[in-house]
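Here is a friendly walk through one protein model and its ligand. Keep the viewer open as you read.

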Amino acid sequence: MNTRRESPVGPGRVLIIEPASSGTALVGAARGLGFETVVASFDADDRTVPDRVRQEADEVLVVDTNDEEALFLAAASAHGASPFAGVLAGFEFYVPVAARLAARLGLPGLPVDTVEGVRDKAVMRAATAAAGLRVPRFAEVSTEAQVAQAAARVGFPCVLKPVDSAGSVHVTRADDVDHLLAAYRELAADDRPDMGRRTEGRALVEEYLDGPELSVEGCVGADGRTVVVAVTHKVLGPEPSFVEIGHVVRADLPPATRRAVEDYVGEVVDALRVTVGPFHCELRLVAGEPVLIELAARLGGDRIPDLVEAATGVRLPELAVAALTGLDAAALPSRAPRAKYAGIRFLTASGEGGRPTAEGLARIAGWPGVLESELTHAADTPVPGDQDYRSRVGHVLYTADSYQDALDLGSRITLGVSLALPVA
Ligand SMILES: Nc1ncnc2c1ncn2[C@@H]1O[C@H](COP(=O)(O)OP(=O)(O)OP(=O)(O)O)[C@@H](O)[C@H]1O
Ligand SMILES: [Mg+2]
């Protein structure tokens, strides 16, 4: 595990704010590139530093990461003692504050005057529409009366979503105004904190995009060049909720579609002024044309960076660290891919055959291609919900030799963990 300073291309220190989800991989990636790593975290409640990160980090700076001035003071003092080469957000909520902190410390980062456009979906829609890009019809709402007016403009089916949440929480398709209003009431009444923050009931009502969903994983390097590393195909659960139940890297696209997707994402990156660092851009193909769902200026979640590494050999977390510390990506070590395709399947409690069990997981663990399988909720723990990412109770990571095999193995895994399916 100790990869510390094995390739000292960029000595110095890197600050990572509140690493969670795929952001935890930034710490190991920075260490692998020879940096000392400092993690800034509240280190309590749902912002507790994960054990693996605590082991990997050189230092944990305990500070209320939701208090921008406190974070700035702590970071500036650490920077004064031994300068940082870069500041990275370890979770999407911290992308704007990381940009402002980087600017205050004179380090590479996103432009502070436009950074809200990669966090606030209303600002994002407005910025991309203003750049002339195809985006869904949309309207911002913060009262029930506005919801009904917005629906009249947008039409049905439409999608309701909070402007600044994540994990598909409160993202719902609505086919009529009653359903839409009921979903909005639920969204507005939800005051559960997420990483210490509450949403304000601001939401978007937008046109429902009908078509297959992709995400595009890439990075804008220190040289300002946008690099698309992989295009991911999403496997979605039943609507009206939107639960991603699987991903396959890479999506099977005709070359002309792939080019159109890459060009479109390049324009979105420019429109949102993502001038440096990683991005994960979600879109749907509507009649074969890419239309934006959202772009996040961070690594994709759901273990997508691991799938990308398995299927391409490229480590996105390393690219991200290099970009935000001013390193040339060409100096990074190159690696051979492990397989042609890689996939993940999330196991949900509501799947065919019922809730997956440890025996079910053991049954598929030896199947060819299966790399990793895990139940994240013990059988006797209640499932937190069935409408978003919280309905997932485990996952299985795998590789395959063809796109079709990757899809088929994913389906067989879903069935195999619950039903006694044969291997072949
Ligand atoms: N306009 C739309 N038309 C069709 N489907 C949509 C639309 N907007 C969102 N979705 C679906 O809902 C999912 C979640 O939406 P969105 O990405 O905007 O929210 P999120 O909370 O940021 O989700 P996540 O963090 O899981 O990406 C999308 O991946 C997509 O499947
Ligand atoms: Mg999304």
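Where is the place of Arg250? Arg250 sits in the loop that lies between strand S11 (244-249) and helix H8 (255-271). Please keep in mind throughout that this is a predicted model.

Pro157 belongs to the loop between H6 and S6.

His170 deserves a look as well: its phi is near 65°, a positive value in a residue other than glycine. You will find His170 in the loop between S6 and strand S7 (172-174).

## Domains

The chain is split into domain 1 (13-107), domain 2 (137-207) and domain 3 (213-416). Between the centres of domain 1 and domain 2, taken over C-alpha atoms, there are 32 Å. Eight residues from domain 1 and four residues from domain 2 make up the contact. On the side of domain 1 that touches domain 2, three residues are nonpolar, one is polar and four are charged.

## Around the ligand

Which residues come nearest to ligand 1? Of the 19 residues around ligand 1, they are Val159, Ala166, Ser168, Leu209 and Phe242. Strand S6 (158-162), strand S8 (203-207) and strand S13 (289-296) are the elements that give two or more residues to this shell.

Sorted by class, the shell around ligand 1 holds ten nonpolar, three polar and six charged residues. Domain 2 (137-207) and domain 3 (213-416) each supply at least three residues to the shell.

Two packed helices are described by the angle between their axes and the distance between the axes. For helix H3 (residues 68-81) and helix H4 (residues 95-105), the angle is about 40° and the axes are 11 Å apart. H3 and H4 are therefore oblique to each other, and H3 passes H4 in a right-handed crossing. From H3, the residues Glu68, Leu71, Phe72, Ala75, Ala76 and His79 meet Val97, Leu101, Arg104 and Leu105 of H4. This contact of H3 with H4 has seven nonpolar residues, one polar and two charged.

Next come helix H6 (residues 144-154) and helix H7 (residues 177-189), whose axes come within 10 Å and cross at roughly 140°. The crossing in which H6 passes H7 is right-handed. Here Glu144, Val147, Ala148 and Ala151 in H6 meet Val177, Leu180, Leu181 and Tyr184 in H7. The contact of H6 with H7 divides into seven nonpolar, no polar and one charged.

## Helices H1 and H10

How are H1 and H10 oriented to each other, and why? Helix H1 (residues 25-32) packs on helix H10 (residues 316-325) at an angle of about 70°, with the axes 8 Å apart. Angles from 65 to 115 degrees count as roughly perpendicular, and H1 and H10 are therefore roughly perpendicular to each other.

H1 passes H10 in a right-handed crossing. On the H1 side, Ala25, Leu26, Ala29, Ala30 and Gly32 meet Pro317, Glu318, Ala320 and Val321 in H10. By class, the contact of H1 with H10 has seven nonpolar, one polar and one charged residues.

Definitions and conventions
Residues are numbered from 1 along each chain as its sequence is written. Chains are lettered from A and ligands numbered from 1 in the order in which they are written. This is a predicted model: local features need pLDDT of at least 70, side-chain atom pairs count only at pLDDT 80 or more; totals for chains, interfaces and linings use all residues. A residue is near a molecule or strand if its C-beta atom, placed from the backbone, lies within 6 Å of it. Helices (H or I, at least four residues) and strands (E, at least two) are DSSP runs, numbered from the N terminus. Ala, Val, Leu, Ile, Met, Phe, Trp, Tyr, Cys and Pro count as nonpolar, Asp, Glu, Lys and Arg as charged, and the others, Gly among them, as polar. Domain bounds come from an automatic or database domain assignment. Axes are lines fitted to C-alpha atoms, for helices over the stretch in contact, and angles run from 0 to 180 degrees between N-to-C directions. Angles under 35 degrees count as roughly parallel, over 145 as roughly antiparallel, 65 to 115 as roughly perpendicular and the rest as oblique. A crossing is left-handed if the near helix is turned anticlockwise from the far one by less than a right angle, and right-handed if clockwise. Two residues are in contact if their C-beta atoms, placed from the backbone, lie within 7 Å.
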